[in-house]
Amino acid sequence: MPAHKRILLKLSGEALMGDDAFGINRATIVRMVEEIAEVTRLGVQVAVVIGGGNIFRGVAGGSVGMDRATADYMGMLATVMNSLALADTMDKAGLVARVMSAISIEQVVEPYVRPKALQYLEEGKVVIFAAGTGNPFFTTDTAAALRGAEIGAEIVLKATKVDGVYSADPNKDPSATRYTSISFDEAMGKNLQVMDATAFALCRDQKLPVKVFSIFKHGALRRVVMGEDEGTLVHV
C-alpha cells in the first residue's frame, strides 16, 4: 500500500531539458510521465507544480535590466507552456490531466478553482497547477507549498537533479553525506537551500513535510510514494 494518498509533485523546468541547453526534451518528459503514471496506478492522487526555467533560460539574456515583476510574469507564462506540454504527454500515455492556471488565460487553460481541483483529484485525474501563485516575487517552490497546503496534500515531493539533501554539494565535495531525514529548523540553520525561504517557512508552519529526491533516478518516485528509503525527508 502507498504511504501517501495525495501528493504534490514539484518539478523544475530545468528537469524537462534533459541534456539540451533549453526547451523541452521529448524523451525526458515522456520518461517523467511514465514515472507519474506508475504512482497513479497505485491509486495515489497526484497534483503537479512545474517551473519555467527551461523556457525562461532561452530569453534570460533579454531580461537583464528588466523590471522584476515583468520578468516574473514572463516566467509564469513559461510554466503554462510547460504545463500544456506535460498534460499533452500525459493524455498520450493514457492519463487524464487538467491544467489549472493562477492567471486567467481561459482560451488556453482553465482558471485555478480549489473545489474543482479537489474534485479532479478525487476523480483520479492529474492536476497540473500552472503560472505559480499568480503573483510576481514568489517562486514556483512557494506555489508548490501553497497549493500543497490548499489541496490537503500529505507531502510535497521536490524532484531535483540530486537524490536528496546533502551536508555539502556532492558534485564538489566527495565527503558530502546524504541526510535520510532532517528537521525544517536544522535545514534552515545549516542553510541547506532545500527550497526558497518563503516556501520553506510555509511548509513548516503548515506542518507539511517535504521529500527531496532525484527525478532522474528510475523508480525513485514510486519508492518515495511507497515510503521506502529514498531521498531526504524534511519534517517539523
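1. The UniProt annotation "domain: Aspartate/glutamate/uridylate kinase", from an unreviewed entry, covers residues 5-214. UniProt positions follow the numbering used here, feature names are shortened, and annotations may be inferred rather than shown by experiment.

2. This is a predicted model, in which local features need pLDDT of at least 70 and side-chain atom pairs count only at pLDDT 80 or more, while totals for chains, interfaces and linings use all residues. Residues are numbered from 1 along each chain as its sequence is written, and side-chain values use heavy atoms, with hydrogens and water left out.

3. Over residues 5-214 the chain is 38% helix and 18% strand. Helices (H or I, at least four residues) and strands (E, at least two) are DSSP runs, numbered from the N terminus. The end C-alpha atoms of this stretch are 20 Å apart.

4. Nine strands form an open sheet with mixed pairing, in the order β4-β3-β5-β2-β1-β6-β8-β9-β7; two strands pair if DSSP finds at least two bridges between them. β4 (110-111) and β7 (181-183) are the edge strands, each pairing on one side only. β4 pairs with β3 (residues 97-101) in the parallel sense over two bridges. Ser101 stands opposite Pro111 in β4.

5. Helix α1 (residues 26-40) packs on the sheet, touching β1 (6-11), β2 (45-50) and β5 (126-130), where contact means heavy atoms within 4.5 Å. The direction of α1 makes about 150° with that of β2. Axes are lines fitted to C-alpha atoms, for helices over the stretch in contact, and angles run from 0 to 180 degrees between N-to-C directions.

6. Helix α3 (residues 68-92) has 25 residues, which at 1.5 Å a residue should span 36 Å; the end C-alpha atoms are 37 Å apart, which agrees. The expected span is 1.5 Å times one less than the number of residues. Gly94, with a positive phi near 95°, follows α3.

7. α1 and α3 pack at an angle of about 60°, with their axes 10 Å apart. The contact is made by Arg26, Ile29, Val30, Val33 and Ile36 of α1 and Ala85, Leu86, Thr89, Met90 and Lys92 of α3.
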